[in-house]
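My notes follow in the order I made them.

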Amino acid sequence: MEEVMPNDKYQKDIKKLITNTLDITPKQLNSLVELITLTNQFIHDDKDLNRDLSLLEDLSELDVQDNACMAYCLDKLIDKIEKYESTKNLTPNQKLVILMKQTKTKQKELSHIVPQSIISELVNGKRQLTIRHIKEFAQYFKVDPSFFINT
């Protein structure tokens, strides 16, 4: 499921604000707008990771020393990349726990997928996720099912 992006007017307002405060190229301007709109979105798969890495590279030469907002957004982007990279060697159960923490989802909120007692066993690693679990949790958390599969 696709995440909702800010509307064009919002992006135009951001561009106007940035243009009035920073001396940057049009490519950097577009990258900064993209950075701001992606700051709070999760990296769901390697496609998202590559998008964010490319964005980081585009902005690597931009001096944001005097712009705390841009520095904060870049830090958030780096944190997102590091979090995603750190999940690559985790079990599917550990990835479920991470998604639950990131979204502040309680076990009870997932009881429509499987009973809460089973969710507890999944979270504690006492039971393995099934293909059905992976599909339904992926749909709930709006991630690709491949997120749960170790590669």
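I started with Phe141. It is buried, at a relative accessible area of 7%. Buried means under 20% relative accessible area, exposed over 50%, and partly exposed in between, with a 1.4 Å probe and protein chains only. Tyr140 counts as partly exposed at 30% relative accessibility.

I noted the ground rules next. This is a predicted model, where local features need pLDDT of at least 70, side-chain atom pairs count only at pLDDT 80 or more, and totals for chains, interfaces and linings use all residues. Residues are numbered from 1 along each chain as its sequence is written, and side-chain values use heavy atoms, leaving out hydrogens and water.

**Aromatic pairs**

How many aromatic pairs does a search of the whole structure find? It finds two. I took the Tyr140 and Phe141 rings first: their centres are 4.9 Å apart and their planes stand at 85 degrees, so I logged the pair as edge-to-face. For Phe147 and Phe148 the centres are 5.5 Å apart and the planes at 80 degrees, so this pair is edge-to-face too. The rule covers rings of Phe, Tyr and Trp (its six-membered ring) with centres within 6.5 Å; planes under 30 degrees apart are stacked, over 60 edge-to-face, and the rest tilted.

Phe147 is buried, with a relative accessible area of 8%. Phe148 is buried at 0%. I also found the charged end of Lys95 over the ring of Phe147, 5.6 Å from its centre. That call needs NZ of Lys or CZ of Arg within 6 Å of the ring centre and within 35 degrees of the ring normal.

**The whole chain**

I counted seven helices and zero strands. These are DSSP runs numbered from the N terminus: helices are H or I of at least four residues, strands E of at least two. Of the 151 residues, 37% count as buried. The chain exposes about 9700 Å², and carbon and sulfur atoms supply 51% of that. The areas come from the Shrake-Rupley method with a 1.4 Å probe; for residues, only the protein chains shown count as cover.

**The core**

Which residues touch the most other members of the largest nonpolar core? Leu35, Leu96, Phe137, Phe141 and Phe148 do, out of 33 residues. The elements giving two or more residues to this core are α2 (26-38), α3 (46-59), α4, α5 (92-103), α6 (116-123) and α7 (131-141). The largest share, six residues, comes from α4. A nonpolar core is a set of buried Ala, Val, Leu, Ile, Met, Phe, Trp, Tyr and Cys residues joined through side-chain atoms within 4.5 Å.

I checked Leu35 by itself. Leaving aside neighbours within four places in sequence, Leu35 is in contact with Leu55, Leu59, Met70, Cys73, Leu74 and Leu77. Contact means heavy atoms within 4.5 Å.

**A buried lysine**

Lys80 lies in helix α4 (residues 68-86). Buried or exposed? Lys80 counts as buried, at 12% relative accessibility. Among the residues it touches, beyond four places in sequence, are Arg51 and Asp52.

**Helix α7**
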